[in-house]
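Please read the points below with the model open beside you, and look up each residue as it is named.

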Amino acid sequence: MTMLKKMLAAMAAMSMVQKAYTPPALKEALLDFGAELDRLRDELTDLRSKMEEGKQ
């Protein structure tokens, strides 16, 4: 499961009170952070693959 999906699931599980008091900017920042982590993970995977191809 990607980090973005985990963050979306965590936000969906929040109570109505928690959702009401969570600033929209914080929600947006968390989702952006999750997307960036996923992008970096994909980039690292690609780099590792290229390194392995270079060794062969």
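The numbered points that follow go from the whole chain to single residues.

1. On the model itself: this is a predicted model, in which local features need pLDDT of at least 70 and side-chain atom pairs count only at pLDDT 80 or more, while totals for chains, interfaces and linings use all residues. Residues are numbered from 1 along each chain as its sequence is written, and side-chain values use heavy atoms, with hydrogens and water left out.

2. On the secondary structure: the protein chain has three helices and zero strands, and along the sequence this gives the pattern α-α-α. The radius of gyration of the protein chain is 16 Å, well over the 10 Å that the globule rule gives for 56 residues, so the chain is more spread out than a compact globule. Here helices (H or I, at least four residues) and strands (E, at least two) are DSSP runs, numbered from the N terminus, and the radius of gyration is taken over C-alpha atoms, with the globule rule being 2.2 Å times the number of residues to the power 0.38.

3. On extent and surface: along the principal axes, the C-alpha atoms of the protein chain fill a box of roughly 55 × 20 × 5 Å. Of its 56 residues, 9% count as buried, where buried means under 20% relative accessible area, exposed over 50%, and partly exposed in between (1.4 Å probe, protein chains only). The protein chain exposes about 4,700 Å², and carbon and sulfur atoms supply 63% of that area; accessible areas come from the Shrake-Rupley method with a 1.4 Å probe, and for residues only the protein chains shown count as cover.

4. On Asp38: this residue is found in helix H3, which covers residues 24-55, and Asp38 is buried, with a relative accessible area of 12%. Which residues does Asp38 touch, not counting those up to four places away in sequence? Asp38 touches Thr2, Met3 and Leu4, where contact means heavy atoms within 4.5 Å.

5. On Met1: this residue belongs to the segment before helix H1 (3-12), and at 72% relative accessibility Met1 counts as exposed. The C-alpha atoms of Met1 and Asp38 are separated by 9.9 Å, although the two residues are 37 residues apart along the chain.

6. On Thr22: the loop between helix H2 (16-21) and H3 holds Thr22, and Thr22 is buried, with a relative accessible area of 17%. A polar atom of the Thr22 side chain lies 2.6 Å from the backbone oxygen of Gln18. Leaving aside neighbours within four places in sequence, Thr22 is also in contact with Met14 and Lys27.

7. On Leu30: this residue has its place in helix H3, and Leu30 is partly exposed, with a relative accessible area of 35%. Once neighbours within four places in sequence are left aside, Leu30 is in contact with Met7 and Met11. The C-alpha atoms of Leu30 and Leu4 are separated by 8.5 Å, with the two residues 26 residues apart along the chain.

8. On Ala20: this residue lies in helix H2, and Ala20 is exposed, with a relative accessible area of 59%. How far apart in space are Ala20 and Ala9, C-alpha to C-alpha? Ala20 and Ala9 are 17 Å apart in space, and 11 residues apart in sequence.

Terms used:
A polar contact is a pair of N or O atoms within 3.5 Å; within protein, one must be able to donate a hydrogen and the other to accept it, and residues adjacent in sequence count only if both atoms are side-chain atoms.
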